[in-house]
Amino acid sequence: MERNDFIKSLGLGIALVCTGSCLSGCGSKGSDPQPNNPGGGGPATGTTANVDLATQILSIGASVTVNGILFIRTAAGNTTSSFAATQAVCPHQGGALNFIQASNFIQCALHASRYTTAGSILAQPNDGGTTSALKVYTTSISGNTLSVTV
Ligand code: FES
């Protein structure tokens, strides 16, 4: 084997090794079978969150996060059907979820995934990963207190 041929074959071998290790190391987030899920499924069982309806989320579209639960006023009046309650931390990678009143959806501050107030996915994360539907909670009202117990 000529010296040039040997060097070329050596270079090709190194290139193949580097390419293989890079590809296996990087992976594709878009093909993840499961969302990267440090945000998990919301607050721990037993968590309680209360909203004072005399002073909080008074107007339609207003929202507040209490104890890991995102409360959203979706209609006038103080009945349970006037509110939505979802987990406040994104299932993808734990970003904060905010209700975007002008667009009527919940959006993650980290990778912009979007959800309905019923927890359904409207848009996947913008990093190529996948998220899952939000947990939604049943609300109750006693006096001026809106509550969720997980
Ligand atoms: S953490 Fe919410 S979309 Fe990534």
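**A colleague's notes on the strands and cores**

1. Cys-108 has a relative accessibility of 5%, so Cys-108 counts as buried. The cut-off behind that call is under 20% relative accessible area. Cys-90 is also buried, because its relative accessibility is 1%. Please keep in mind that this is a predicted model. How many disulfides does a search of the whole structure find? The search finds zero.

2. Now to Gln-107, which belongs to strand E6, residues 105-108. Is Gln-107 buried or exposed? Its relative accessible area is 18%, so Gln-107 is buried. Setting aside neighbours within four places in sequence, Gln-107 has contacts with Ala-96, Leu-97, Asn-98 and Ile-100, and also with Ala-112, Ser-113 and Arg-114. One of these, Arg-114, is the bridge partner of Gln-107 in E7. Strands E6 and E7 (residues 114-115) pair in the antiparallel sense, over two bridges.

3. Four strands form an open sheet in the order E5-E6-E7-E8, and the pairing is antiparallel. Which strands stand at the edges? They are E5 (97-100) and E8 (121-123); each has a single partner strand, so one side of each is left without a neighbour in the sheet.

4. Val-64 and Val-66 make up its covered face, whereas Ser-63 and Thr-65 make up the uncovered one. In a regular strand, side chains alternate between the two faces of the sheet. E2 pairs with strand E3 (residues 69-73) over four bridges, in the antiparallel sense. The hairpin of E2 and E3 has two residues between the strands, and Asn-67 takes a positive phi near 50° there.

5. Val-64 leads us on to Phe-71, its bridge partner in E3. Beyond neighbours within four places in sequence, Phe-71 is in contact with a list of residues including Ala-49, Val-51, Ile-57, Val-64, Val-66, Ala-84, Leu-146 and Val-148.

6. Finally, the nonpolar cores. The largest one has 14 residues, of which Val-51, Ile-57, Ile-69, Phe-71 and Leu-146 touch the most other members. Two or more residues of this core come from each of strands E1 (48-52), E2, E3, E4 (83-87) and E10 (145-149). Another core, of eleven residues, lies apart from it, and Ala-88, Leu-97, Tyr-115 and Leu-134 are among its members.

How values were computed: Residues numbered from 1 in each chain as written. Predicted model: local features only at pLDDT ≥ 70, side-chain atom pairs only at ≥ 80, totals over all residues. Heavy atoms only, no water. Disulfide = S-S within 2.5 Å. Buried < 20%, exposed > 50% of the residue type's maximum accessible area, 1.4 Å probe, protein only. Contact = heavy atoms within 4.5 Å. Pairing = 2+ DSSP bridges. Core = buried A, V, L, I, M, F, W, Y, C linked by side-chain atoms within 4.5 Å.
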